[in-house]
Amino acid sequence: MSIAAPSGIDELLETCTALCADFTYPAVKRWMEQHPGGKVVGHFQVYFPEEIVHAAGMLPLKVMGAGDQIESRQADSHIGSFICSICRSSLELGLSGRLGMMSAFYTHPICDVARNLAGIWGRNFPGQPAEILYLPQNANSSHAAGYLSAEYGRLQASLEKMGGTAVSVDALNRSIAVFNENRRLLRELYSIKRTSPWLLSAREAYALTRAGSVMQREEHNEILRRALDALPERPGRKQDRVRVVFEGGFCEQPPLDMLQLIEEACYVVDDDLLIGMRWLTEDVPDDTDDPLLALATAYLETSSYSPVQHDDRKPKEEMLLARIEASGAQAAILAAAKMCEPGMDEQVAYSRALEARKIPYLMLEFEEKMSALERMRMEVETFVESILFD
Amino acid sequence: MNDELIGRGRRDGNRLFKEWFDELNAVAENPEPTAYVFVMGSMAEVLRAFDFHVVFPEINSLQLAVKKQALEYLNKAEDYGYSTDVCGYVKADVGVQLQRGRHSNGRIPKPSLVIGTNMCNTYVKWVEIWQRLHGCPAFVIDLPGQRGMSWRSEPGEPAFETDRRYVQGQLEELIALCEKISGRSFDIERLKQAMAHVNSMAADWQAILRLNQNVPAPFNVLGDGLTYMGMLSAYRGTPEGARYMSDLREEMEYKVARGIGTIAEEKFRLHGVGPACYPYFRRFLELFQDWGAVFVSSEYLAYAGGGLDLGITFDLDRPLESLAEQLVLTAQRSMSNMFFSQDRLSDSVTRWKADGIVYHSVKSCRTVSTGMADSREYITRVHDVPALFIESDLVDPRAWSEAQLKNRVDAYFEALAARKVVAAAAGR
């Protein structure tokens with residue numbers, strides 16, 4: 001499969017969609033072939049400062065479960081019965097040897113399961129150092145940026161030791177510029193979703209975004225540029241459809257078939273899918289003497305929201321209402337991954353805020369590996385019809 | 001035998017708990033500054049300096065479970081919208097809050113301030129729930145935990161000092177918030193008094209835990225230990241708490257000196273990982289006691305006791321700095337290190353002369369439960385420690401399946417007994 005130069009938009013989308021379901025990680029393997037001795041640094045959802053890995057000349061790889069693509073053969077005996085699927089299938093990827101190319105693995109204090117993953121990883125893969133990058137949960141402290149900058153410094157020092165070379169300020173600034181471009185292109189992609197959702201389905205936008213999780217950002221930028229060039233010329237007509245925001249894809253990813261059945265009934269004009277890749281909402285200064293502080297400040301000050309970050313300045317329900325308003329949506333789909341405590345807790349806050357504003361919503365529970373989608377299809381169709389004929 | 005001394009810790013604990021709840025009940029009627037806090041990182045030292053009343057919703061939920069009243073409260077929260085898969089501690093408390101503080105121990109006052117830490121991520125979500133329900137200020141204090149398997153960080157080292165400075169900065173911000181809410185100026189002497197009491201409590205608690213290395217063990221950590229641990233939280237930083245722990249140490253020393261155990265004949269000694277099942281508390285303990293087994297140690301008493309297990313020595317000449325330092329240390333060595341505890345568990349088994357480990361995975365608490373099955377696999381494979389893995393919950397009675405649990409527990413003891421016979425035959 002060639003990722004480097006698919007010709008048209010349809011082929012490009014097909015390639016990116018295939019990458020979402022290919023856990024042989026062909027893009028990673030290709031990068032390793034092109035960079036003999038190159039290190040791959042895995043990191044769990046949601047946000048990770050990939051710029052630092054990039055600046056160290058390594059490939060950041062987002063570990064986000066295995067969707068419905070692999071059978072859980074070994075992980076079940078390592079993980080209790082009431083743990084989310086993304087943790088289970090991420091471990092299965094490791095235990096089955098599919099992530100053997102990683103030189104290190106980082107997780108975050110996003111939830112109680114994710115923190116535990118560092119210990120589980122450490123016990124099972126002693127050759128892959130596993131650590132928790134302690135992203136701050138007190139975003140409102142005036143000391144948070146300084147602390148986070150130091151935590152990023154710790155990460156940088158680990159990478160330098162692993163790679164055997166120092167990471168310069170210039171290299172960090174160059175990487176920040178590459179990622180700024182990536183985020184700009186993703187903002188443009190989402191702008192099309194909001195303004196012309198008939199040109200780009202939720203599933204397609206998702207595949208285009210997700211491709212960046214397994215390849216170097218320069219390559220992803222090229223893919224996004226080609227897609228953005230081609231999309232306006234794409235045949236497609238506006239239809240009279242309900243516009244919804246999809247909320248609940250910040251960590252465990254819903255099955256592509258679930259996204260498809262939703263968009264068969266309505267336009268998904270905004271979402272929080274893979275929000276970690278779009279966490280920083282503005283350009284990070286790429287010309288400072290302290291790029292780690294710039295990244296840390298951006299994480300805290302110019303960033304999106306999710307159920308796994310506490311910030312008094314960003315009450316989640318207010319942020320969701322703002323997302324709905326900015327995208328011109330009429331309704332919201334409030335999804336939560338089964339057994340995901342932060343997601344399930346937030347569903348209650350979201351639903352009550354939407355009720356207060358009389359904004360229609362539908363609550364859905366999903367697992368990355370679910371096959372019985374017919375009932376969900378009926379729920380979504382009924383929900384949409386109730387709006388259309390209200 | 002000094003009957004007065006034996007069981008004093010339980011009796012005094014029950015009395016002090018009642019007094020504490022009576023006080024909260026009175027505050028619910030005549031509001032005074034009240035803080036909702038958690039057992040891991042309660043910030044009691046700071047709050048005592050401002051005379052905040054402290055409410056531990058985890059303890060409230062636990063008590064509802066022990067009194068077999070939790071389901072009514074869980075139902076209230078689920079009717080409100082919370083999933084059956086959400087933490088039962090959270091939901092039982094939401095049930096209390098939705099009923100304007102109604103609790104079997106009296107009425108729980110509304111909070112003037114809610115404080116959480118990142119030692120449990122569900123704490124953070126819980127804080128947000130309180131913010132929404134009560135509209136009160138919230139403070140999430142970030143305690144950078146143990147980063148990885150071989151992470152070591154000592155005071156004075158750059159990495160530690162970065163964490164310490166961050167925590168100290170947050171403490172200063174918390175103090176400013178407490179001043180604003182209470183209307184009182186910060187009195188550092190009051191802080192030092194509370195810290196001195198914690199020093200005393202921690203020294204006695206550390207000694208009490210070690211006394212359980214004796215055979216027979218003077219107390220069951222998952223039984224009476226629950227009362228002791230509750231006292232560590234509810235009375236942390238108070239003269240009553242310091243006196244209680246000193247008395248408890250005296251009781252345990254008395255029992256050890258006379259070889260008095262906690263059951264008639266101690267046949268098996270166990271290390272427990274995770275809490276008990278509180279809605280079936282007595283039955284849960286009986287499943288093990290019926291085999292003559294006593295839980296002699298548990299990391300549960302470390303993290304859920306506020307990290308006093310290794311002792312705390314606050315330097316009262318530099319109180320804020322020392323408080324931050326000890327918070328980082330306890331976060332890294334008694335709380336978040338539970339994710340990387342497999343080798344330490346093996347060490348505990350040796351030091352407490354345990355025959356094996358029981359992992360009780362509880363649906364409500366993914367912090368303590370996520371890694372259990374994997375840890376069990378590791379400790380069996382690497383350290384040859386016989387380990388049992390069972391699942392239920394600490395609040396929700398619907399997760400209890402007695403026949404299934406009993407089968408597994410009985411099979412475990414049969415294997416342990418056979419192992420003892422083989423070891424005895426081999427002269428080990």
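Are α12(A) and α13(A) parallel or oblique to each other? Keep in mind that you are looking at a predicted model.

**Two pairs of helices**

Two packed helices are described by the angle between their axes and the distance between the axes. For helix α12 of chain A, residues 316-327, and α13(A), the axes come within 9 Å and cross at roughly 55°. An angle under 35 degrees would count as roughly parallel, and α12(A) and α13(A) are therefore oblique to each other. Their crossing is right-handed.

Which residues meet there? On the α12(A) side you will find Lys316(A), Glu317(A), Leu320(A) and Leu321(A), while α13(A) brings Glu346(A), Ala349(A), Tyr350(A) and Ala353(A). Sorted by class, this contact has 5 nonpolar, no polar and 3 charged residues.

Now try another pair: helix α10 (residues 256-263) and helix α14 (residues 374-388), both of chain A. Their axes come within 9 Å and cross at roughly 30°, which makes α10(A) roughly parallel to α14(A). The crossing of α10(A) and α14(A) is right-handed. Met258(A), Leu261(A) and Ile262(A) of α10(A) make the contact with Met376(A), Arg377(A) and Val380(A) of α14(A). By class, the residues here are 5 nonpolar, no polar and 1 charged.

| Helix pair | Axes come within | Crossing angle |
|---|---|---|
| α12(A) and α13(A) | 9 Å | roughly 55° |
| α10(A) and α14(A) | 9 Å | roughly 30° |

**Chain A as a whole**

Stepping back, chain A has 14 helices and 8 strands. Its C-alpha trace spans about 65 × 45 × 45 Å along the principal axes. How does that fit with a compact globule? With 390 residues, such a globule would have a radius of gyration near 21 Å, and the 20 Å of chain A agrees with this.

**Where chain A meets chain B**

How many residues of chain A are in contact with chain B? The count is 42 residues of chain A, in contact with 46 residues of chain B. On the chain A side, α5 (112-124), β4 (130-132), α6 (144-163) and α13 (341-356) each supply at least two residues. The largest share, 9 residues, comes from α5(A). The residues on this side of chain A divide into 20 nonpolar, 13 polar and 9 charged.

**How confident is the predictor?**

For the complex, the predictor gives an ipTM of 0.95 and a pTM of 0.96. Chain B has a mean pLDDT of 95, with 100% of its residues reaching 70 or more.

Note on methods. Residues are numbered from 1 along each chain as its sequence is written. Chains are lettered from A and ligands numbered from 1 in the order in which they are written. This is a predicted model: local features need pLDDT of at least 70, side-chain atom pairs count only at pLDDT 80 or more; totals for chains, interfaces and linings use all residues. Axes are lines fitted to C-alpha atoms, for helices over the stretch in contact, and angles run from 0 to 180 degrees between N-to-C directions. Helices (H or I, at least four residues) and strands (E, at least two) are DSSP runs, numbered from the N terminus. Angles under 35 degrees count as roughly parallel, over 145 as roughly antiparallel, 65 to 115 as roughly perpendicular and the rest as oblique. A crossing is left-handed if the near helix is turned anticlockwise from the far one by less than a right angle, and right-handed if clockwise. Two residues are in contact if their C-beta atoms, placed from the backbone, lie within 7 Å. Ala, Val, Leu, Ile, Met, Phe, Trp, Tyr, Cys and Pro count as nonpolar, Asp, Glu, Lys and Arg as charged, and the others, Gly among them, as polar. pLDDT is the predictor's confidence in each residue, from 0 to 100. The radius of gyration is taken over C-alpha atoms; the globule rule is 2.2 Å times the number of residues to the power 0.38.
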